[in-house]
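Please keep the sequence and the coordinates at hand while reading.

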Amino acid sequence: TTVESSAPSGRTPPPVRDWPAHDLDGTDFDPVLADLMREGPLTRIRLPHGEGWAWLATRYEDVRLITSDPRFSRAEATCRQVTRLAPDFAPRPGSLAWADQPEHNRLRRPVAGAFTVSAMKRLRPRAQAVLDELVDGVVRDGPPSDLIERVLEPFPVTVVSELMGVPAADRPQVHAWTRQIISTSGGAEAAARAKTGLYGWIRSIVRAGAHSTGEDVYALLGRAVSGGDIGEEEAVGLAGPLQIGGEAVTHNCGQMLFLMLTRPELMERARARPEARGPLLDELLRYVPHRSTVGLARIALEDVEVAGRLIAAGDAVHVSYLAANRDPDVFPVPDRIDPDRDPNPHLAFGNGPHFCTGAVLARLLTGLLVDTLLDRLPGMRLAVPPEQVLWRHRTMIRGPRTLPVTW
Ligand code: HEM
């Protein structure tokens with residue numbers, strides 16, 4: 001029998017819903033996404049840029065299936081203008097996010113060693129030293145202090161530069177470029193100039209690493225290029241997102257700390273039970289609405305039945321990890337922050353081959369941040385009413401722009 005007769009393709013497809021880019025404040029769950037979750041396990045969406053529509057999967061099981069099944073291809077999506085949130089679309093060679101197997105494995109291999117659990121154990125004392133120095137400055141200058149500017153922004157960027165092997169003398173420039181690229185205020189032109197600068201710099205440091213014996217990422221990439229495992233442009237395409245990846249920690253932790261600062265029961269619990277902070281941070285990872293709308297699409301390479309509907313070969317598909325993290329079948333009372341939630345198999349770092357490269361690093365940085373801030377700033381509380389905290393607008397990754405605290 002044909003796929004058509006075994007899958008309920010005769011059903012009318014769901015309507016295509018526009019999903020405009022709303023500027024959401026605080027940690028509110030996107031109301032459009034909430035509607036889409038109610039409307040069906042599988043809906044159809046149109047985002048502000050790109051062309052046409054895409055399927056959207058919101059249920060945990062469907063999201064897991066789509067993100068781990070090779071019949072859904074990232075590489076195929078680079079040949080199309082799939083409907084998306086981002087105005088620009090310029091996948092680079094070497095980009096992990098757009099590679100399918102076996103390319104994805106070939107590209108990942110040179111850098112994977114730098115992001116393992118044991119590599120993160122080695123990094124920990126250096127990361128703690130970076131953080132201590134930043135918090136020393138905060139304590140020295142006294143309250144009030146903007147945690148974003150003084151700690152949450154410089155900390156991940158500096159640790160990532162340690163791990164990548166950015167020479168001390170180049171750091172101010174590299175950090176200025178990354179800040180410009182991720183800033184929402186500088187405009188597209190400034191961001192494009194910063195990208196050209198950063199990628200040019202990466203090219204030269206990868207070249208310089210050809211015969212290095214170091215274990216930092218640029219040394220690993222330099223050797224992989226000189227050994228012929230990956231091309232030079234691939235090395236540049238691999239390194240760029242890693243160099244910028246710390247941004248996710250700034251904004252995700254910004255949301256976490258805002259939640260802790262505005263919900264006394266969470267802060268009290270974190271202070272009273274340091275040993276239970278791990279599960280609390282996991283629950284916050286599940287709950288935090290990390291991004292706006294959805295990320296990178298996939299294309300169905302063949303007809304696939306999902307949630308009783310036929311996704312046809314060639315159709316574009318988005319998944320929402322945020323929605324999957326609120327699936328009531330997996331997370332009872334999903335809109336409630338429950339630090340005792342167990343098990344908590346959230347998908348905050350994605351799923352399948354594209355699972356976040358920096359997940360272990362992100363957990364390390366988040367844990368150190370919460371431990372150190374709670375320890376060094378006893379009585380830490382917001383220095384302004386919660387509704388006066390400013391939030392990032394017109395952005396892929398949501399988070400507070402400032403987090404003024406006093407203690
Ligand atoms: C991919 C979340 C921090 C590097 C991803 C994905 C998610 C995610 C949801 C996409 C999975 C997919 O495409 O299906 C987060 C969160 C972070 C964080 C919530 C912080 C709390 C970081 C850091 C780095 C990083 C610190 C690097 C320094 C990457 C890279 C990818 C990725 C390179 C692409 C992986 C691939 O496609 O193979 N992350 N991330 N992330 N992340 Fe993260």
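Where is the place of proline 144? Proline 144 is found in the loop between helix 5 (117-141) and strand 5 (145-146), where helices (H or I, at least four residues) and strands (E, at least two) are DSSP runs numbered from the N terminus. This is a predicted model, in which local features need pLDDT of at least 70 and side-chain atom pairs count only at pLDDT 80 or more, while totals for chains, interfaces and linings use all residues. Residues are numbered from 1 along each chain as its sequence is written, and side-chain values use heavy atoms, with hydrogens and water left out.

## Backbone geometry

Most residues other than glycine have a negative phi, and most peptide bonds are trans. Against that background, the peptide bond from proline 143 to proline 144 is cis, with omega near -5 degrees. A cis bond also runs from aspartate 342 to proline 343, with omega near 5 degrees, and proline 343 has its place in the loop between helix 15 and helix 16.

Threonine 293, although not a glycine, has a positive phi of about 40 degrees; its place is in the loop between helix 14 (277-287) and strand 6 (298-300). Valine 333, likewise not a glycine, has a positive phi of about 45 degrees and lies in the loop between helix 15 and helix 16. In the terms used here, buried means under 20% relative accessible area, exposed over 50%, and partly exposed in between (1.4 Å probe, protein chains only). Threonine 293 therefore counts as buried, at 6% relative accessibility, whereas valine 333 counts as exposed, at 58%.

## Aromatic contacts

A pair of aromatic rings is described by the distance of the centres and the angle of the planes. Rings of Phe, Tyr and Trp (its six-membered ring) pair if their centres lie within 6.5 Å, and planes under 30 degrees apart count as stacked, over 60 as edge-to-face and the rest as tilted. The structure holds 6 aromatic pairs, and two examples are set out in the table.

| Pair | Centre to centre | Angle between planes | Class |
|---|---|---|---|
| Tryptophan 53 and tryptophan 55 | 5.5 Å | 90 degrees | edge-to-face |
| Tyrosine 60 and phenylalanine 331 | 5.8 Å | 80 degrees | edge-to-face |

Of the two tryptophans, tryptophan 53 is partly exposed, with a relative accessible area of 29%, whereas tryptophan 55 is buried, with 5%.

The ring of tryptophan 53 also has the charged end of arginine 44 over it, 4.5 Å from the ring centre, where a charge sits over a ring if NZ of Lys or CZ of Arg is within 6 Å of the ring centre and within 35 degrees of the ring normal. The charged end of arginine 74 sits over the ring of tryptophan 98, 6.0 Å from its centre.

## Iron site and cysteines

The only protein donor of the iron atom of the ligand is Cys356 (SG), at 2.3 Å; donors are N, O and S atoms within 2.8 Å of the metal (3.2 Å for Na, K and Ca), and water is not among the atoms, so sites may look incomplete. Cysteine 356 has its place in the loop between helix 15 and helix 16 and counts as partly exposed, at 31% relative accessibility.

The structure holds 0 disulfides, a disulfide being a pair of cysteine sulfur atoms within 2.5 Å. Cysteine 253 is in no disulfide, and the nearest cysteine sulfur, that of cysteine 356, is 13 Å away. Cysteine 253 counts as buried, at 2% relative accessibility.

Helix 16 is mostly covered, with 13 of its 18 residues buried. The expected span of a helix is 1.5 Å times one less than its number of residues; for helix 16 this gives 26 Å, and its end C-alpha atoms are 26 Å apart, which agrees.

An open sheet of 3 strands has the order 5-11-10, with antiparallel pairing, where two strands pair if DSSP finds at least two bridges between them. Strand 5 and strand 10 (381-382) are the edge strands, each pairing on one side only. Strand 10 pairs with strand 11 (residues 404-406) in the antiparallel sense over 2 bridges, and arginine 381 stands opposite threonine 406 in strand 11.
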